[in-house]
Amino acid sequence: MATGKSSLAFQFNRFGTDVGTITPLEGGTSYDIDPDGIGPAGMFTVSNRDFNVRSLRSNAVFRWEWRPGSTLFLVWQQTRSDRLVASVPDSGYNRAGNFDFGRDAGGLFGLDANNIFLVKLSYWLNP
């Protein structure tokens, strides 16, 4: 009867550390990849796909019932959103892919907002 333990854990090579090389290019917008280091595979370049999405959506509803069954609703909805992409230098690539709540939440209030206003009136005809 065997008493030894067998390892069922997977062993993975970490790309860029255990095998191959990853070299960031100037500006951080792309990387040179050599999949097997000094082996026969050729080097290729990929763009940096890091991104951040910031979004804020808010709603406010005012409801006034001036008589039973007759109601006025005023609704205000606001949406602000932004996307920072690392491969586009003008979009703040040095911040893309890094989460900082204070910076990202504060940045939402400097964005242009889409405002929607709605009015709904319900009137009970036979009180």
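F99 counts as exposed in this predicted model, at 69% relative accessibility. The residue lies in the loop between β5 (70-85) and α1 (101-108). In sequence, F99 and N52 are 47 residues apart. In space, the C-alpha atoms of F99 and N52 are 7.8 Å apart.

A nonpolar patch was identified on the surface. F62, W64, W66, L74, V119, L121, Y123 and L125 form this patch, and together they have about 890 Å² of accessible area. Two elements, β4 (51-67) and β6 (114-122), each give two or more residues to the patch. The largest share, 3 residues, comes from β4. F62 is found in strand β4. At 46% relative accessibility, F62 falls between the limits of 20% and 50% and therefore counts as partly exposed.

The whole structure holds 4 aromatic pairs. One of them joins W64 and W66 in a tilted arrangement, with 5.6 Å centre to centre and 45° between the planes. Both partners are partly exposed: W64 has 45% relative accessibility, and W66 has a relative accessible area of 33%. W64 and W66 also form one aromatic cluster with Y123. These three residues are listed among the members of the nonpolar patch.

A further aromatic pair is formed by W76 and F117. Their ring centres are 6.4 Å apart and their planes stand at 10°, so the pair is stacked. This pair links distant parts of the chain. W76 lies in strand β5 and F117 in strand β6, 41 residues apart. W76 is partly exposed, with a relative accessible area of 34%. F117, in contrast, is exposed, at 62%.

Charged contacts were also searched for. The whole structure contains 2 salt bridges. In one, the side chains of R54 and D82 meet at 2.7 Å, N to O. This pair, too, links distant parts of the chain: R54 is in strand β4, D82 is in strand β5, and the two are 28 residues apart. D82 is partly exposed, with a relative accessible area of 23%.

R63 forms a salt bridge with E65. Here the closest N and O atoms are 3.2 Å apart. E65 counts as partly exposed, at 40% relative accessibility.

Key. Residues are numbered from 1 along each chain as its sequence is written. This is a predicted model: local features need pLDDT of at least 70, side-chain atom pairs count only at pLDDT 80 or more; totals for chains, interfaces and linings use all residues. Side-chain values use heavy atoms; hydrogens and water are left out. Patches are made of residues with over 30% relative accessible area and no salt bridge: like charges are joined within 9 Å, nonpolar side chains (Val, Leu, Ile, Met, Phe, Trp, Tyr) within 5 Å. Accessible areas come from the Shrake-Rupley method with a 1.4 Å probe; for residues, only the protein chains shown count as cover. A salt bridge is a side-chain nitrogen of Lys or Arg within 4 Å of a carboxyl oxygen of Asp or Glu. Helices (H or I, at least four residues) and strands (E, at least two) are DSSP runs, numbered from the N terminus. Buried means under 20% relative accessible area, exposed over 50%, partly exposed in between (1.4 Å probe, protein chains only). Rings of Phe, Tyr and Trp (its six-membered ring) pair if their centres lie within 6.5 Å; planes under 30 degrees apart count as stacked, over 60 as edge-to-face and the rest as tilted.
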